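Hi everyone, thanks for making time for this one. Let me put it up on the screen.

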Amino acid sequence: MANTIRIGATIAATLYTVVLLVLGLYPSEFRYLFAYIPALVGYGVIVFDKWAWHWPVIHRFTGRPWATGTWRVILRPSADSHIPEGGNRGPITTYMTIEQTFWSLHATLRTRESTSRSSNGTIGAPENSGTAEIGFLYDNTPRVEHQHRSPRHEGACRITVTGLKPMVATGYYYTSRFTAGDMDFTLLNRSTEYGTFAEAKAADPDGAAD
């Protein structure tokens, strides 16, 4: 949905601008300047979605928490989870990278053994509430060396955050392998550039991860 909005706005604004230029209506001439307002609105949608919505002042009006960044996540599987023999019963230190725009959210959770990638990410908040919930489905792909006891699976995750720029959060997860548990989040930084568990751990000042 978000990509469709951004692509549509970019194409429409660009085509409109090209048509104006072909017709000789150059923005350097004041009398034609207002003709470019629709194009500016189109590009403004893109700027708002990717950046402006969490700028100071504007952020207070949008009211949506800014969760972008890399988080240390402590997983605590429930006692009745169906964890295979040799599996980690926790607590397990992992790292989640959240990439967020106003209309979209994508999360990647990395452990020593696997990577989970989200789909259908949503953020919902009751009106006039300082608390919001992030929810998504995910697909987990373990490293090949662990798939004999930890096969690929799907799951769902829900995270509760408070404030416009949360630094900590809590959540829980369920999986198709009949496991479930609680999650405790601490924001490390706003970077989304860590590509592996080891990279994220190296950036963690308390990185004694499992």
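Let's begin with what surrounds the largest cavity: eight nonpolar residues, no polar ones and no charged ones. For that count, Ala, Val, Leu, Ile, Met, Phe, Trp, Tyr, Cys and Pro are nonpolar, Asp, Glu, Lys and Arg are charged, and the others, Gly among them, are polar. The lining consists of Ala67, Trp71, Ile98, Ile134, Ile159, Val161, Ala169 and Phe185. The volume of this cavity is about 30 Å³, and a search of the whole structure finds one cavity of 30 Å³ or more.

Before I go on, a word on the source. This is a predicted model, where local features need pLDDT of at least 70 and side-chain atom pairs count only at pLDDT 80 or more, while totals for chains, interfaces and linings use all residues. Residues are numbered from 1 along each chain as its sequence is written, and side-chain values use heavy atoms, with hydrogens and water left out.

As for the search itself, it runs on a 1 Å grid over the protein atoms alone: a cavity is a set of points where a 1.4 Å probe fits but cannot get out, a pocket is an open set with protein on both sides within 12 Å along at least five of seven lines, and lining residues have an atom within 4 Å of a point. Grid points are joined across faces, edges and corners, and a volume is the space filled by probe spheres set on the points.

Two or more lining residues come from each of β1, β2 (92-100), β3, β4, β5, β6 and β7, and β4 gives the largest share, with five residues. The strands here are DSSP runs (E, at least two residues; helices would be H or I, at least four), numbered from the N terminus. By class, the pocket lining has 13 nonpolar, 15 polar and six charged residues.

Now for the charged pairs. How many salt bridges does a search of the whole structure find? Five, where a salt bridge is a side-chain nitrogen of Lys or Arg within 4 Å of a carboxyl oxygen of Asp or Glu. One of them joins Asp184 to Arg76, with the closest N and O atoms 2.6 Å apart. Asp184 sits in strand β8 (residues 180-189) and Arg76 in strand β1 (residues 69-77), so this pair ties together parts that are 108 residues apart in sequence. Asp184 is partly exposed at 31% relative accessibility, and Arg76 is partly exposed at 40%. The cut-offs are under 20% relative accessible area for buried, over 50% for exposed, and partly exposed in between, with a 1.4 Å probe and protein chains only.

Next, Glu133 and Arg158 form a salt bridge, and their closest N and O atoms are 3.2 Å apart. This pair also links distant parts of the chain, 25 residues apart: Glu133 is in strand β5 (residues 131-142) and Arg158 in strand β6 (residues 153-162). Glu133 is partly exposed, at 34%, and Arg158 is partly exposed, at 31%. Arg143 pairs with Glu145, the closest N and O atoms being 3.0 Å apart. Finally, Arg72, Asp204 and Asp206 are linked in a network of salt bridges.

Thr108 is in strand β3 (residues 105-110) and is buried, with a relative accessible area of 4%. Leaving out residues up to four places away in sequence, Thr108 touches Tyr95, Met96, Thr97, Thr115, Ser116 and Arg117, contact meaning heavy atoms within 4.5 Å. His153, in strand β6, is buried too, with a relative accessible area of 4%. A polar atom of the His153 side chain lies 3.3 Å from the backbone oxygen of Pro151.

Last, a look at the backbone. Asn120, in strand β4 (residues 114-124), has a positive phi of about 55° although it is not a glycine. Asn120 is exposed, at 58% relative accessibility. Phe178 has a phi near 60°, again positive in a residue other than glycine. Phe178 lies in the loop between β7 (168-175) and β8, and is exposed, with a relative accessible area of 63%.

Technical notes:
A polar contact is a pair of N or O atoms within 3.5 Å; within protein, one must be able to donate a hydrogen and the other to accept it, and residues adjacent in sequence count only if both atoms are side-chain atoms.
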